[in-house]
Amino acid sequence: MESKTDSNGKVKIYLADLVHNYVGRGPFMFPINIGYVKSYLQKFHSDNLDVRLFKYPNKLIEAVENEPPNMVAFSNYTWNEDLDAKLIYHFKNRFPNIVTAIGGPNVNIHPRNVHEELENIDPRSLTNFLRNQPNLDFYVLLKGEFGFLNLVNSYLQNDHDIKKMKSSPIDGLAFINNKLSLDKIIRGKDPPLWRNLDEVPSPYLTGVMDEFFLQKLIPNLETDRGCPYPCTFCDWGQALYQKMEVFPKDRVMNELEYIVDMVNKTKNTKILCIPNANFGIMEQDLDYARKIRELSDKHGYPRKVTTFWAKNKSKRIIEMAEILGGDLVSVDASLQSMNPKTLEAVKRDNISQKDYLEFLTYLNKNGIDSDAELIYGLPEETRESYLGALRKLFDMRAGMMLNYHCRVLNGSEMSEPDNLEKYGTKTKFRLIDIQFGEYSLDSKPFKAFEVEEMVKSNNTMSEEDIFYFRKLHWLVNFTWNYKYYRGLLEYGLSHHVNPIDFYNTFTENLSKAPKRIVKLVKEFDEESKSEWFLTREELVEHYSKPENFKDIQNGSFDKLHFKYGFKTLLECPDEFDFYMGQVAKDLISRKDVKVDYKKAVDELIKFENMFRISFKNLDISKEFEVETEKFGEFGYDILRWKQNAYEGSLHGHDMKQNVKYRFYLPQNQVDSLKTYINQFKNINPLFTLRKMSEYMGVSDLFYRVESKDIKDYKMQVENHVLHTSKLAQ
Ligand code: SF4
């Protein structure tokens with residue numbers, strides 16, 4: 001039986017920010033979004049509400065079955081939209097009096113999409129979203145706290161009667177009242193701007209987030225909200241999100257201390273996320289950087305900070321990067337494209353490219369690490385223009401090259417029919433990494449699959465170009481970003497061999513590669529082509545078949561550029577070493593080089609091999625064991641060359657007598673690796689390595705090295721946090 005309130009007379013509300021934890025753990029975040037909603041509700045209703053938060057589907061299902069709530073509401077995004085829709089459908093069927101609500105940027109809520117004739121309505125519009133989910137009562141517009149409080153107030157004022165609630169507009173909410181308006185939505189006013197976000201009490205300082213420190217999740221903390229830019233491919237770029245709001249500084253400082261204190265007690269993570277759209281855009285962000293550095297130095301946490309940096313680079317960003325240092329952060333240059341036509345088409349031409357490039361040069365000179373982000377598949381981008389950008393960034397020694405495949409996000413301007421048509425954008429559908437599962441409600445099982453809609457071609461880039469960049473991205477990610485062959489590629493650059501030529505030769509000369517490498521590349525090609533579907537329905541039908549579902553349960557579906565990097569390390573590292581060396585020698589031999597490049601290449605390969613931690617025998621059922629010390633002799637002082645950020649020629653470091661290196665792992669690094677493996681333990685070693693590597697510092701994957709003259713070399717200038725998706729949950 002449904003109860004109107006619980007035994008204490010309180011209205012029971014379940015708020016969910018779900019991720020599928022069906023096949024394993026990803027870099028899942030604290031559900032801070034619903035934490036803010038809860039702390040805001042408590043401010044006005046301290047006595048009459050019982051609000052509970054949920055991150056994992058089965059816990060929510062169990063709670064709804066055992067103690068049906070008065071309301072259940074979901075934070076909705078691409079990684080949980082199917083799950084949310086199915087749960088709403090089933091919950092409402094089982095308990096018709098439950099009020100259901102959803103919020104989040106995954107819907108186009110721009111007012112221009114609201115009151116049009118039905119036949120002209122954008123398929124991704126709010127109207128269609130509501131129309132397609134008859135069991136969904138309310139959509140919460142923009143910031144959830146405002147609309148959700150109004151929803152609760154309306155529920156209380158209307159004696160828990162949903163029909164009465166829907167008799168007139170409610171500010172911050174949209175809904176369909178079939179009786180009143182057929183298919184048209186009723187939409188209240190949008191939430192007001194809060195210049196001072198202290199209107200919403202801190203979910204950390206009020207203890208709302210405490211329960212999540214006991215789980216293996218990453219704490220995240222907003223210091224402001226909004227983004228002033230209008231990028232068409234991003235759902236933050238909706239005009240409605242473009243005003244900035246800030247949290248008070250003293251509150252953020254207290255929150256940082258609170259988080260560090262709690263993590264040090266529970267020891268479940270080493271990572272902190274600041275999910276602002278533009279960290280560094282506000283003056284006070286500099287003080288937050290100082291505070292994070294101080295806390296990290298004093299308490300050993302955070303060991304990694306992941307964030308999204310401000311776009312127009314100012315002195316402040318440089319100062320913040322210097323304070324935080326390469327061990328805690330890498331600073332990204334979110335270029336997305338270097339093609340002026342593309343930048344204009346996606347409305348990013350107001351972000352200075354010149355600043356970016358100067359910024360990159362400054363960071364490199366000062367040994368501070370940097371990411372350069374590009375997106376392939378944007379309007380007006382061609383294969384040549386994209387490769388031109390990559391070549392330039394390699395020549396400038398960007399620390400890490402992040403090549404994102406363009407995803408069409410439902411709430412973005414790019415997803416609107418006019419925009420798709422203008423640039424000839426065609427899409428295909430792909431399962432989102434580990435975001436699927438099978439659940440059961442009222443003993444009835446159901447499956448949910450989350451899907452991403454990716455650009456497969458447009459007027460300027462073909463489907464073949466997209467596949468070309470997929471493979472290129474794997475090689476860039478493994479050899480340059482993860483640093484497994486960074487020394488070798490730097491050596492190539494010193495002989496004017498751009499890594500792009502290296503990767504092209506790698507894939508074009510496969511007839512000369514060891515059989516295992518040929519097989520690896522073939523597998524990559526097949527897998528990258530087999531993961532696409534023309535429609536969502538086709539995808540769901542495919543993965544719903546028992547044999548295919550079993551396959552993905554066993555971890556067969558992965559982010560390929562990560563999967564194939566670790567597959568190489570686990571299955572054929574020596575063959576890959578050999579072939580990389582062969583490609584390097586072939587390309588350098590064409591350059592009229594007088595030095596003994598063959599010896600240099602062999603030495604570099606030997607060094608890279610000893611430098612990396614081997615996970616070949618990783619057994620995730622046992623405690624991680626690793627060789628903590630080993631020695632090697634080299635004819636070139638490669639360590640000195642690396643320490644000098646590859647300045648000058650390696651041949652200037654040719655030694656008369658071999659130089660001896662000690663490769664070793666300090667205990668705190670071994671402990672960190674154990675924590676990462678434990679936090680991201682999945683069904684097999686490949687899956688575990690891949691997930692843990694998404695957010696850890698790359699330097700933790702390598703030995704420290706010392707020689708007679710150089711003590712404690714760590715990848716100071718090469719130390720990155722890899723975050724595979726800026727929207728990762
Ligand atoms: S891509 Fe970045 S800068 Fe552009 S709208 Fe989104 S968050 Fe803002």
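The expected span of a helix is 1.5 Å times one less than its number of residues. What we have here is a predicted model, where local features need pLDDT of at least 70, side-chain atom pairs count only at pLDDT 80 or more, and totals for chains, interfaces and linings use all residues. Residues are numbered from 1 along each chain as its sequence is written.

Okay, helix α14, residues 383-395. Helices here are DSSP runs of H or I with at least four residues, strands are runs of E with at least two, and both are numbered from the N terminus.

Which residues of α14 are buried? By buried I mean that 20 or more other C-beta atoms, placed from the backbone, lie within 10 Å of the residue's own; exposed means 12 or fewer, and partly exposed is in between. They're Tyr386, Ala389, Leu390, Leu393 and Phe394. Their arc, taken from the directions from the helix axis to the C-beta atoms, is only 135 degrees, so they sit on the same side of α14. Glu384 and Asp395 are exposed on the other side. Just past the helix, arginine 397 has a positive phi of about 65 degrees.

Now the strands. β15 (residues 426-441) and β16 (residues 444-457) run antiparallel, joined by twelve bridges; strands pair if DSSP finds at least two bridges between them. Leucine 431, for one, has valine 451 in β16 as its bridge partner. Two residues separate the strands in this hairpin, and aspartate 442 in the turn has a positive phi of about 55 degrees.
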